[in-house]
Protein chains: 2
Amino acid sequence: MRATVMFGAGDVRIEDVPDAAIVEPTDALIRVTRACICGSDLHPYHQMERSETGTRMGHEAIGVVEDIGADVQSLKPGDLVVMPFAYSDGTCEFCREGLPTACVHVGFFGNPGTDGAQAEAVRVPYADGTLFKLPVGEDDALMPSLLTLSDVMGTGRHAAVAAKVGPGKSVAVVGDGAVGLCGVIAARRLGAEQIIIMGRHDDRIALAREFGATDVVRERGEEAVERVRGLTGGFGVHSVLECVGYAQAMETAIGVARPGGAVGRVGVPQDETIPASLPAFFGNVTVGGGPAPVRAYVEELLPDVLEGRIEPGRVLDRTVGLDGVPDGYRAMDDREAIKVMVRP
Amino acid sequence: MRATVMFGAGDVRIEDVPDAAIVEPTDALIRVTRACICGSDLHPYHQMERSETGTRMGHEAIGVVEDIGADVQSLKPGDLVVMPFAYSDGTCEFCREGLPTACVHVGFFGNPGTDGAQAEAVRVPYADGTLFKLPVGEDDALMPSLLTLSDVMGTGRHAAVAAKVGPGKSVAVVGDGAVGLCGVIAARRLGAEQIIIMGRHDDRIALAREFGATDVVRERGEEAVERVRGLTGGFGVHSVLECVGYAQAMETAIGVARPGGAVGRVGVPQDETIPASLPAFFGNVTVGGGPAPVRAYVEELLPDVLEGRIEPGRVLDRTVGLDGVPDGYRAMDDREAIKVMVRP
């Protein structure tokens, strides 16, 4: 089958690889109908060391179940499913507590030993726990929004939950990428009154406004902090969604948090330490978040997608076939596209 | 009047200073009946640069109101009051939200421009908001425990609240100083099932056990993390109370937290950054806490002290007069005493 393989920074190729196949009795095999390129795929795109064997790419998918292992109970061939970026058994104590990204059997698609989703097919471990059956056909018009339930919409929600967004709260979203934009949707959905998008790309900011952002801050660093304080009576916001992962973004996030506020971080941290320890401490600002338990959020978010109350699929502003994936990486890296959908 | 003044690292003296007096109409003047030396006083005791004028020391007190400004409503001369380490107006939005340490008029006793509590008397700004009237006489046997409501018991509670301690939870307390020991009391009071004290001083550990600690871990660093995991089914604890403030303590705290767990930090951070960003992120571990809103906790904790359900005053294991204060610093620094009470 054909799959996306990265061999080093900037070197993404579509290769012929061995067909995905059932290995464990708890596996399912899915034929990928939609996948996408993630902002986090750009980290290895910038800095991956050259590799002869390469790394399979992609961790977000919707697909049709083609085959199941002997122990799979809840799925059958022909089912259309959404595949979260992490697999999880669905039965361990962490899965039961709603944190499948800490499952005792957790694994992340695209890591060594797993298939990547930017491909014709994927072997899905712990299929019963991992996959969520969708009640629509494989070419439904809602496909882009449903696809975001595999990562960015759930991740935006996780940032909002970790930042303790609630009715009447003021919120800042650091980062106007796909996750930040989904964070705006999530914040509004949770009842936030004021939502400040912090970013500087006109097209993304326009979308953020349509999703519910009430204010825009284009500045960075100390200037941005001053601007947010100016918009919030001098004290900052109750909740900050840190959707970038760089130290400067976290420093800004802590800087714009109101005393007693919370920062929810979902951008994969690119540093060993969290900056601004003293401001966070003296402001009693909480820093939480991590890999989003998107599998646990699907049930909550799905009705809003199906009934059109939220449209996170609008962040997918370009569609390519498998052959177009390498250029999709380039387009995202050049900020030509917010997020690229793949139809293998 | 006589007051404690620090002139440099290790140089604590009792000096004659101008009498404390009412300055603002919202002030009260209290005659100090009990004060104490704080673990945080040891930071300047180790590293303060030499100063000709020196710094007034002490921020925890019980005293008798001697005089009040024209605008003070809720107090009268003769009232016995507990004085939290921070003053606050009691009326701003942060005070109303239960975070008086973020009061728009907040100040900390012993900082420049304020009196210190290791003295015969103290001018208390915003007396109505700051002071809490006690329903006992000034030499009541409960005085040590009541005195801890000015800082360490409220701070231990804050660590537990920030660490999301609740019924049935597993808890680790990093640090066996007075705050850590009060953290054990707070964790038990909030219903924790397992409380692991992490420290290595026999006397303190014995007290921690009496306060409700169920397990002891004397190791440090990676060994400590392994031991706590071994005591908790391999995963770590739900809640960690970080009561030290050094980077190694925070690294340990994050290391012993279970995925989805929370660290409540109340030790004043001695570093610019929070370590272990990646383990915290990948474990979805929350880091919260800061200067404890002890004024807001007095009402909650007082009945338990008055009715003898908690005895935080047992951390005060030595009593000195004002002249004994310099040796009290030495005794705490040498770990001869857990915490020293001062009777001016």
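Which helices and strands of chain A do the buried residues of helix 5 of chain A pack against? They pack against helix 6, strand 14 (237-242), strand 15 (257-265), strand 16 (286-289), helix 11 and strand 18 (339-343) of chain A.

Before going further, here is how to read this report. This is a predicted model, in which local features need pLDDT of at least 70 and side-chain atom pairs count only at pLDDT 80 or more, while totals for chains, interfaces and linings use all residues. Residues are numbered from 1 along each chain as its sequence is written, chains are lettered from A and ligands numbered from 1 in the order in which they are written, and side-chain values use heavy atoms, with hydrogens and water left out. Helices (H or I, at least four residues) and strands (E, at least two) are DSSP runs, numbered from the N terminus.

Buried means under 20% relative accessible area, exposed means over 50%, and partly exposed lies in between (1.4 Å probe, protein chains only). Among the buried residues are V152(A), G154(A), H158(A) and A162(A).

Two packed helices are described by the angle between their axes and the distance between the axes. Axes are lines fitted to C-alpha atoms, for helices over the stretch in contact, and angles run from 0 to 180 degrees between N-to-C directions.

| Helix pair | Angle | Axis distance |
|---|---|---|
| Helix 5 and helix 6 (residues 178-189) of chain A | about 60 degrees | 7 Å |
| Helix 5 and helix 11 (residues 294-306) of chain A | about 95 degrees | 9 Å |

Angles under 35 degrees count as roughly parallel, over 145 as roughly antiparallel, 65 to 115 as roughly perpendicular and the rest as oblique. With its angle of about 60 degrees to helix 6 of chain A, helix 5 of chain A is therefore oblique to helix 6 of chain A. The crossing of these two helices is right-handed; a crossing is left-handed if the near helix is turned anticlockwise from the far one by less than a right angle, and right-handed if clockwise. Residues making this contact include V152(A), G156(A) and A160(A) of helix 5 and C182(A), I185(A) and R189(A) of helix 6 of chain A. Contact means heavy atoms within 4.5 Å. By class, the contact of helix 5 with helix 6 of chain A has nine nonpolar, three polar and two charged residues. Here Ala, Val, Leu, Ile, Met, Phe, Trp, Tyr, Cys and Pro count as nonpolar, Asp, Glu, Lys and Arg as charged, and the others, Gly among them, as polar.

The angle of helix 5 of chain A with helix 11 of chain A is about 95 degrees, which means that helix 5 of chain A is roughly perpendicular to helix 11 of chain A. Among the residues in this contact are H158(A) and V161(A) of helix 5 and Y297(A) and L301(A) of helix 11 of chain A. They belong to a set of five nonpolar, three polar and two charged residues.

Strand 11 (residues 170-174) and strand 12 of chain A run parallel and are joined by five bridges. Two strands pair if DSSP finds at least two bridges between them. V171(A) has I195(A) as its bridge partner, and V173(A) has I197(A).

In a regular strand the side chains alternate between the two faces of the sheet. From strand 11 of chain A, S170(A), A172(A) and V174(A) point one way and V171(A) and V173(A) the other way, and all are buried. From strand 12 of chain A, Q194(A), I196(A) and M198(A) point one way and I195(A) and I197(A) the other, again all buried.

## Positive phi in two loops

Most residues other than glycine have a negative phi, and most peptide bonds are trans. A276(A) has a positive phi, near 60 degrees, and is found in the loop between strand 15 and helix 10 (277-282) of chain A. R335(A) also has a positive phi near 60 degrees, in the loop between helix 12 (325-333) and strand 18 of chain A. A276(A) is buried, with a relative accessible area of 13%, whereas R335(A) is partly exposed, at 42%.
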